[in-house]
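Okay, thanks for coming, everyone. Have a look at this one with me, and then I'll talk you through a few spots.

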Amino acid sequence: MKIFAMILITGILTQNFVLSRFLGICPFLGVSKKLGTATGMSIAVTLVMVLATAATYPINAALLVPRGLEYLQTVVFILVIAGLVQLLEVVLKRFVPPLYNALGIYLPLITTNCAVLGVVLLNLQAEYSYAQSLVNALGAGLGFLLAMVLFAGVRERLEGADIPKALKGLPATLAAASLVSMSFLGFAGIAENLFA
Amino acid sequence: MEILLPSLIVGAIALILGVGLSFASEKLAVPVDEREEELLAVLPGVNCGACGYSGCAGYAAALSKGEAESASLCAPGGDDVARQIAELLGVSVGHIAPMTALVRCQGGEDVAKQSFIYYGMESCRMAAQLAGGVKSCPNGCIGLGDCVKACPYDALRVCPDGVARVDALKCRACKACVAVCPKDLITLVPKDAPTTAVLCRNTQKGAVIRKLCEKGCIACKRCEKVCPHGAVSVTDFLARIDPEKCTGCGKCVAVCPNGCIV
């Protein structure tokens with residue numbers, strides 16, 4: 001049980017996918033303008049991460065590893081993720097049309113969100129079990145959610161701030177992102193010591 | 001074998017996903033009303049909102065469900081579109097007279113007094129919050145172009161004298177400008193009919209207006225007396241012309257001492 005809690009805390013805080021591993025920066029900068037869409041996007045990404053891990057882990061264990069085809073991982077995983085995102089799109093369009101409209105182009109772009117592929121590949125690299133992989137995917141998704149929500153708040157303040165003209169827009173956003181990222185350095189070592 | 005097996009694996013996964021997805025999209029398809037699609041194709045697609053719905057798709061949905069009050073709400077599409085909608089829905093519409101927007105102010109910088117100089121955001125709404133704008137006349141055009149920005153057809157211009165004017169040829173009467181003008185200066189008038197209009201909205205007494213603007217209506221009632229059709233009436237110190245009665249004979253234009261009827 002302890003190991004699951006540790007994986008979860010690691011994924012959310014110390015090894016935050018966006019702010020510590022710098023994966024999934026595209027939606028982090030693209031959809032973080034408003035808190036509502038940022039939350040919706042993060043939940044969609046979390047869902048895709050967990051589903052992708054649930055689907056790719058058995059494929060890898062049953063089909064690829066026994067035949068020595070590990071080099072196919074990236075191709076096969078992207079294929080599965082793309083299929084899942086398409087499925088999610090159809091489901092959202094049917095059941096949550098407002099969120100579907102708000103996410104727009106960023107919804108199909110989850111396919112190419114490197115955080116999703118990243119969590120799937122890193123799970124295998126860390127040699128997690130199936131359950132541990134799922135918890136890690138959930139932790140990565142929640143970490144993504146935390147980063148998005150925090151940064152959406154920062155950006156909403158940035159809108160009204162008096163910034164030098166040369167830094168307005170993307171430069172200020174990137175500077176703010178680096179500051180938020182630096183603040184996450186403070187969590188280093190917390191997961192190991194919390195459960196020691 | 002080294003090539004065949006990986007290809008087979010990837011191919012099989014793709015096939016399973018493909019079949020699964022097409023099955024899902026069939027099962028979970030959002031039912032789209034065919035008539036709604038047809039209606040949407042007829043509408044001009046500018047999403048101006050003049051019909052009162054959230055864009056053309058909203059109006060098409062309301063029409064197909066029978067919730068829309070009328071088939072002739074599309075101002076940009078005018079008579080043409082209304083008739084096509086009516087045909088699709090099997091209802092009848094009367095003739096709709098094409099309208100155009102009209103800015104009811106001629107108080108340019110050389111004509112109307114300014115109370116102060118405005119340095120601030122290029123927005124009439126903002127400027128109107130500061131003592132009602134730079135013009136001394138409480139109904140004067142501020143001239144910062146909120147209506148120009150609101151117009152989806154590029155039909156409005158702020159002329160060099162600082163008053164917005166409408167190009168009737170480009171105007172499709174979507175009312176976008178009517179809604180944004182903080183001074184309520186823009187109204188719709190019939191486009192084709194040869195009518196005249198009073199280009200002033202000031203309801204102050206003549207003596208007051210005279211000090212503020214050279215082209216304001218001073219309510220001298222000469223137009224009211226000269227009109228042979230009884231179309232002009234002066235109420236609240238402002239002349240108003242009833243477009244139903246006006247024939248465009250131009251007698252009031254000739255007699256107006258301040259040239260505020262055109």
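I'll start with some housekeeping, then go through chain B, and finish with chain A.

So, this is a predicted model: local features need pLDDT of at least 70, side-chain atom pairs count only at pLDDT 80 or more, and totals for chains, interfaces and linings use all residues. Residues are numbered from 1 along each chain as its sequence is written, chains are lettered from A and ligands numbered from 1 in the order in which they are written, and side-chain values use heavy atoms, with hydrogens and water left out.

Of the 262 residues in chain B, 39% are buried. Buried here means under 20% relative accessible area, exposed is over 50%, and partly exposed is in between, with a 1.4 Å probe and protein chains only. Then contacts, meaning heavy atoms within 4.5 Å: take those in chain B between residues at least 6 apart in sequence, and 55% of them join residues at least 24 apart.

Let's zoom in on strand β1 of chain B, residues 99-103, where B:Thr100 sits. Is B:Thr100 buried or exposed? It's buried, because its relative accessible area is 6%. Leaving aside neighbours within four places in sequence, B:Thr100 has contacts that include B:Val166, B:Ala168, B:Thr187, B:Leu188 and B:Val189.

Now the cysteines. How many disulfides does the structure hold? Zero, over all chains, where a disulfide would be a pair of cysteine sulfur atoms within 2.5 Å. For B:Cys105, the nearest cysteine sulfur belongs to B:Cys141, 5.6 Å away. B:Cys105 has 9% relative accessibility, so it counts as buried. B:Cys213 is in no disulfide either, and its nearest cysteine sulfur, that of B:Cys137, is 6.2 Å away. B:Cys213 also comes out as buried, because its relative accessibility is 10%.

Next, B:Lys215, which you'll find in the loop between α8 (206-212) and α9 (222-226) of chain B. With 31% relative accessibility, B:Lys215 counts as partly exposed. If we don't count residues up to four places away in sequence, B:Lys215 touches B:Gln106, B:Val111, B:Asn258, B:Gly259 and B:Cys260.

On to backbone angles. B:Asp184 has a phi near 55°, which is positive in a residue other than glycine. B:Asp184 lies in the loop between α7 (176-180) and β4 (186-190) of chain B, and at 48% relative accessibility it counts as partly exposed. Over in chain A, the phi of A:Phe22 is near 55°, again a positive value in a non-glycine residue. A:Phe22 is in the loop between α1 (2-14) and α2 (25-30) of chain A.

Last stop, a helix pair. In chain A, α3 (residues 35-64) and α7 (residues 130-160) pack at about 165°, with their axes 9 Å apart. Axes are lines fitted to C-alpha atoms, for helices over the stretch in contact, and angles run from 0 to 180 degrees between N-to-C directions. So α3(A) and α7(A) are roughly antiparallel to each other; that label takes angles over 145 degrees, with under 35 being roughly parallel, 65 to 115 roughly perpendicular and the rest oblique.

That's my tour, thanks.

Notes. Helix = DSSP H or I, 4+ residues; strand = E, 2+ residues; numbered from the N terminus.
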